[in-house]
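Colleague: I would like a close look at one part of this model, the metal site. Please go on from there to the surroundings you can describe.

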Amino acid sequence: MKKTASNISIQYPPGLSADDQSMIGRALELATKAHAGQTRKSGEPYIIHPTAAAQYLLDWGLDADTVAAGLLHDTVEDTALDLADIEAEFGTGVANLVDGVTKLGQVDFAPHIDGTTERQAISADNLRKLLLAMTKDLRVIVIKLADRLHNMTTLKYLSPESRQRIARETLEIYAPLADRLGMGALKCQLEDLSFQYTDPEGYAHIEGLMTGYMKEANRYLARIKRFLMDELKQGGVEVINIEGRQKHYYSVYKKLAKADGDVSKIYDLIAVRVQVAEVSDCYQALGLIHHHFKPLIYRIKDYIAVPKPNGYRSLHTTVFALDGRITEIQIRTPQMHDEAERGLAAHFIYKDGRSRVMGELAWVNQLGDISSVAKTGQDFVENISLDLFQDRIFVFSPKGDLYDLPEDSTPVDFAFAVHSDVGLRAHGAKINGKMVPLDMRLENRDVVEILTRREPAPNRDWLGFVKTPSAKGKIRAWFRAAGRGENIVSGKAVLEQEIKAWDLRRLEELPKARLKEVVADLNYKDLDGLLAALGEGGVTVGQVTRRLFPPESTKAQMPVVKHPIATGKVRVEGSAEPLPYLLAPCCQPSYPATIVGYITRGSGVTVHRRKCRNLPEEPDRLVKCHWEVDGEERLRCRVMVTAANRIGMLSDLTSTISGLGINISGMSSSGGEDGNTHFEMYLEVPELFMLADVIKQLERLPGVKEVRRLPR
Ligand code: MN
């Protein structure tokens, strides 16, 4: 049915009081009258827009004042109605909200969005802050978000230019604002709606990818839901609901860009959300899940004990679940779920009931209003709630220019933000008139002065403390361009480390004539030129060692072993051709463990340890497998490791070596007089460069003092 002004209505949630319903009804009536005769670009009556916005606000749990203001949000700007009319009819509360939304509508984002100016003061980040700073009452932002959400759903009726501009503005300004307010579901909605327009091809690509992926993933989700439901209930956890969630498109798109377009590197395309009755059930469920499935340790997140800054709470874990499939599981109570979906709006219903006005929250009152923004930068900063902007700070130049830096930035970051020339020549800093070290942490509102020298002379140590990527990049670039001396030193260190594997001598002891040949062969003027290129990455250490130690001549000096050695590869039996297979991530089989293959649907054979708990009990889908062994020649090297005598040292050494696929054919150890243990080992490597890797890795182990190759 086509919407006309006369069949517009609002769905009230159960439990909304008669008074509230009557006020919202009156607001709808007034807005309908005020917008009478106006149409949207879609041709529909204008009133469908404020009505849709108001419906969102009701669904998000906002109070009646906010819903009424949502209905009236465009009246002052676009109709004959004025604030006084609204105040007379609905009181100052509603009038102030409408006034706030109207003022926000006057902020002009165009300069930023068009990219026509590079002024730092109007980055997307600053615009978001400006919006918040202009708003005494956060409900104004929430109304603006409802307004934007509906506009995004009807964007197709606008011109291509407007679509682009509005979609980018939504992506850069409004979606992050929704995130700040903890409105997770809304943030995802806004991002996906914008993404369709900002990159239609990218969107179509992700859509196709996810549609294909979900066909298979849905079957898996059904299985894991059933499994978890049974196991958690048996374990005494009161499960409310388990659902599978697919990652929203825009977030897949961003992750995919980071993963070089390789979708198999993203293992949280789907997540399982478990809702349980109580907070204690959350932890119990986590324990039960970890009992069944091995977790990835660094992916266990307790956002209940330590909520995210926007208030988000849940337990997250990523486990090797059924079939060893890596799966993210989120555990939460219904209250946490509701808060995560609806954000701040949900917070104050639960805490304080429907009557509580959001503007009363203490930290919201710290926000300034537009009049102070208009004055000076100093006022602007003083009126911003620092709680809201924990990750950014504002500092000033002595002239009063405002700079926006990440938290924990230093005077060096500031210097590079002013100008790269100031950064490169920085040699001292004053904060609020006092001399400070260059790695001092800047605080909000600091006035920072940089003392410069005549010539650029940055310090490599700065790289250890600067916070901004741009400062880091500029310092690196300078050293690349000008740091020849430094590069020679680091190039020499790289080569000396590598040489340990190839020759028993130090760099200086190698025959000069041999070195000269290699330098000439690689087109450098002298050895320093080659070392500098090594230090800066213009030539690789492999290019040098290949020439310095030709494989044939080194092999000739070394014992060659010919007994069979495992390649680490698996052969699936029963087929003439080698079949593709995957080592199961759950049990990570390695030679010489007894193994068995499991034929998966669609993705070949997964190889498990015979004893793996995750091995499905489906005998007709299991196939025999064995480790491939070859008779390749290996070079036998004698290596001496000098290391502190600590528990676990020997196992660290051997697991590091075998982790690199290298065989240890013999070993002895002896305690030295210096309190160290000397491990003498025979390693069998296919090529000497692999020995170089072993030496490097071993020297990184805690307690390892030195690794040396010994004569045969
Ligand atoms: Mn509007």
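Colleague: Start with one residue. Is Asp74 buried or exposed?

Modeller: First, the ground rules. This is a predicted model, so local features need pLDDT of at least 70, side-chain atom pairs count only at pLDDT 80 or more, and totals for chains, interfaces and linings use all residues. Residues are numbered from 1 along each chain as its sequence is written, and side-chain values use heavy atoms, with hydrogens and water left out.

Asp74 is buried, with a relative accessible area of 13%. Buried means under 20% relative accessible area, exposed means over 50%, and partly exposed lies in between (1.4 Å probe, protein chains only).

The ion is coordinated by His49 (NE2), His73 (NE2), Asp74 (OD) and Asp147 (OD), at 2.1 to 2.3 Å. Donors here are N, O and S atoms within 2.8 Å of the metal (3.2 Å for Na, K and Ca); water is not among the atoms, so sites may look incomplete. Along the chain the donors follow the spacing H-x23-H-D-x72-D. The pair Asp74 and Asp147 links distant parts of the chain, 73 residues apart. Asp74 sits in the loop between helix H3 (64-71) and helix H4 (75-78), while Asp147 belongs to helix H9 (residues 138-153). Helices (H or I, at least four residues) and strands (E, at least two) are DSSP runs, numbered from the N terminus. Asp147 is also buried, at 7% relative accessibility.

Next, the aromatic contacts. Rings of Phe, Tyr and Trp (its six-membered ring) pair if their centres lie within 6.5 Å; planes under 30 degrees apart count as stacked, over 60 as edge-to-face and the rest as tilted. That rule gives eight aromatic pairs. In one of them, Phe227 and Phe293 have ring centres 5.2 Å apart and planes at 35 degrees, so the pair is tilted. Phe227 lies in helix H12 (residues 200-234) and Phe293 in the loop between helix H14 (279-292) and strand E3 (294-295), so the pair ties together parts that are 66 residues apart in sequence. Phe227 is partly exposed, at 23% relative accessibility. Phe293 is buried, at 3%. Elsewhere, Phe195, Tyr203, Tyr249, Tyr250 and Tyr253 form one aromatic cluster.

Now the largest pocket. Its volume is about 1,300 Å³. It is lined by 39 residues, and Lys187, Lys247, Ser251, Lys308 and Gln330 lie nearest its centre. On a 1 Å grid over the protein atoms alone, a pocket is an open set of points where a 1.4 Å probe fits, with protein on both sides within 12 Å along at least five of seven lines; lining residues have an atom within 4 Å of a point. Grid points are joined across faces, edges and corners, and the volume is the space filled by probe spheres set on the points. H11 gives the largest share of the lining, six residues. Helix H15 is among the elements that each supply at least two. The lining divides into 12 nonpolar, 10 polar and 17 charged residues. Ala, Val, Leu, Ile, Met, Phe, Trp, Tyr, Cys and Pro count as nonpolar, Asp, Glu, Lys and Arg as charged, and the others, Gly among them, as polar.

Finally, H15 itself. In this helix (residues 334-342), Met336, His337, Asp338, Glu339, Ala340 and Arg342 are buried. Gly343 follows H15, with a positive phi near 80 degrees.
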